[in-house]
Amino acid sequence: MAGLLSFLKDFQWFRKAGKTFSGGQYPALLQRLLLVLLIFSLSRLLFYFFNLQAFSSLSGISLLKVFLAGIRFDLSAILILNAPFILLFILPFRATKGKTAQKAGSIYFYFVNGLALFFNTVDMVYFRFVNTRTDAGIFRYLTTGNDFTTLLPSYIRDFWVVLLIVAAMMWVMTIVCRRIKTSFPEQGAQSFWAYFLSHLPWFVIFAALTLTGMRGGLQMRPITIVTAGNYAGAQYSPLVINTPFKIIKTFGKEGVEPVTYFEQEEELFKWFRPIKQYSLRHQESVPKNKNVVIIILEGFTREYSARLSPEYFKEGQESFTPFLDSLMDKSLVFEQTFANATRSVEAIPAITASIPHLMNRSFILSGYAGNVFHSLPLELKNRDYVSKFFHGGTNGTMGFDAFAGMAGFDAYYGRNEFNNDEYFDGRWGIFDEEFLQYTAEVLNSSREPFIAKVFTLSSHHPYTIPEKYHEVFPEGPLPIHQAVRYADYSLRRFFETAGQMPWYENTLFVVTSDHTSQVQHAQSLTRKAIFEVPLFFYVPGKKWNLQNLDEPVQHVDIMPSVLDYLQYDRDFISFGKSVFEDEQQRFAFHYLDGIYQVICSEYLLLFDGSQATGLFNHRRDPWVGHNLLEDKPEVAEALTRRLKARIQEYNNRMLTNSLTIE
């Protein structure tokens, strides 16, 4: 009892801030950890205000619940990161209390917590671009290519306030921790065994508390990213968790686990079958040898277009994409179109090879990148197509050139091939206007038929456009708007140039965006809207006649749709479905923050891998805030089965390298 009273007495929280906090080793340890916990909570508050638009529908009790729940995840991350430091304090050995050991512990403490605060703070702004917290994939990104080092100066320039916040937090942590003086028993005061036995109970207590905190409580399983959705729904889980927690939980877990939701193949294929039997579908069709040009716009969001989102434009207000809007008037436009992920590196496999993003790591950077798979270039080689990939970025950017080779493209054209840095934007790559003109000229010298993939870049951060256009294209409410206007103009110039070339009339153009980006309206940040991108098909002079244009269409549908349109007559594996197939109901599916989701024409379902956690009527409830899981069990069950079938096929085929038909 005396020992407990002495332990409690050592806590001197009431002392003035200007004085030194002194006490025994255990109170000093708890004071340091509590300080880090307070700074993490402050980071969450700043994260909330930096991204207020994304969480604007949270208020009152719900918001308080999120912040209180966040403490649980903060504590878990802090204890995991600081486990070696805690162990140094609580081990019942004198050797760990010496000056050398404690100095090493202090260095570790400042380094690991400083790094954690850095990632946590950087996500205050990075979240705006990807709508999710950074995961362990950041380390693969930092060591792949030179994108990070190239763009670092612009990030520092634009987001210097983030570095200032990190520095301020580190300064506070350092100043306060230096005032926490730790007193250890004198080395000769007790024998080894007396010291060991007197401190052993405290070691057991602190070890047990630390392990419990690391797990997030005494429940059966440790808390995960998915757990955060229990407090305010999947849409707000990024506010509940912290970035270090997500990095920890995704580290070394880039892959997928085998699953068996359906024992019988017959039952599995009832809900989803990835094998496309085009040998039967087009066995008597006449092949079309049209050229195919797939244009992927960097970071274009649905709300930039007055054609797609008229509700966001006042009368007389010009669209940010006037040319695209005019092109859509002559195209086959799908009203509900979705990217399959939130990053460019995840969009490329979905568009090129109909491989969705359903795991923690992007396919290109995962251990499965060496798997054999079908792709548009590889399939169209059977029709004697030549294939070309165009991206004006510095070669090696995001691994696009490497993936282009794996996907079967005959040639890759980047900044190196353009070979004229007069039009280099200084950070990212070649300006869109010049690179798209170059693309048209290269295609004009190519033999036909060809398939080309063209990826723009000027609407990528830092949104640099040529100086001569600064006055031509006015700035908008968001930094990206001026770059979007320039990219739209560059696309107009491309079509004007291509329209004078002989290959143009015999070409199918597919236009979409890789993912969403900065948005002006809070409703564009719902769990559904963060994936909404433009997608349309354009053939010069063609009038389209197709029903069900309001059904969901997604990136993985592009490959089967293009092959279907060309009357392709071989079988292949695809996780999408052709838009030209007669289908009463279509679906889009995603994976984000440990939660799967499927979207049909009326409902959105959330699934944590074992059970459905939410069902929303996104047409009547655009904010997806009213959970209908108990009201519509039959709808939830059907959508869950469809999603389970896709997950089972995706995971097991990825693990067994079975993404192709033998």
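The side chain of Gln-336 places a polar atom 2.9 Å from the backbone oxygen of Asp-550, a polar contact in the sense of a pair of N or O atoms within 3.5 Å, one able to donate a hydrogen and the other to accept it. The model is predicted, with local features requiring pLDDT of at least 70 and side-chain atom pairs counted only at pLDDT 80 or more, whereas totals for chains, interfaces and linings use all residues. Residues are numbered from 1 along each chain as its sequence is written, and side-chain values use heavy atoms, without hydrogens and water.

Gln-336 lies in strand β6 (residues 336-338), strands being DSSP runs of E of at least two residues and helices runs of H or I of at least four, numbered from the N terminus. With a relative accessible area of 4%, Gln-336 is buried (under 20%; exposed is over 50% and partly exposed in between, with a 1.4 Å probe and protein chains only). Beyond residues up to four places away in sequence, Gln-336 touches several residues, including Lys-528, Cys-600 and His-618; contact denotes heavy atoms within 4.5 Å.

His-521, in the loop between β10 (507-513) and β11 (535-538), is partly exposed, at 21% relative accessible area. With residues up to four places away in sequence left out, His-521 touches Gln-53, Glu-303 and Tyr-312. The C-alpha atoms of His-521 and Ala-54 are separated by 9.0 Å, although the two residues are 467 residues apart along the chain.
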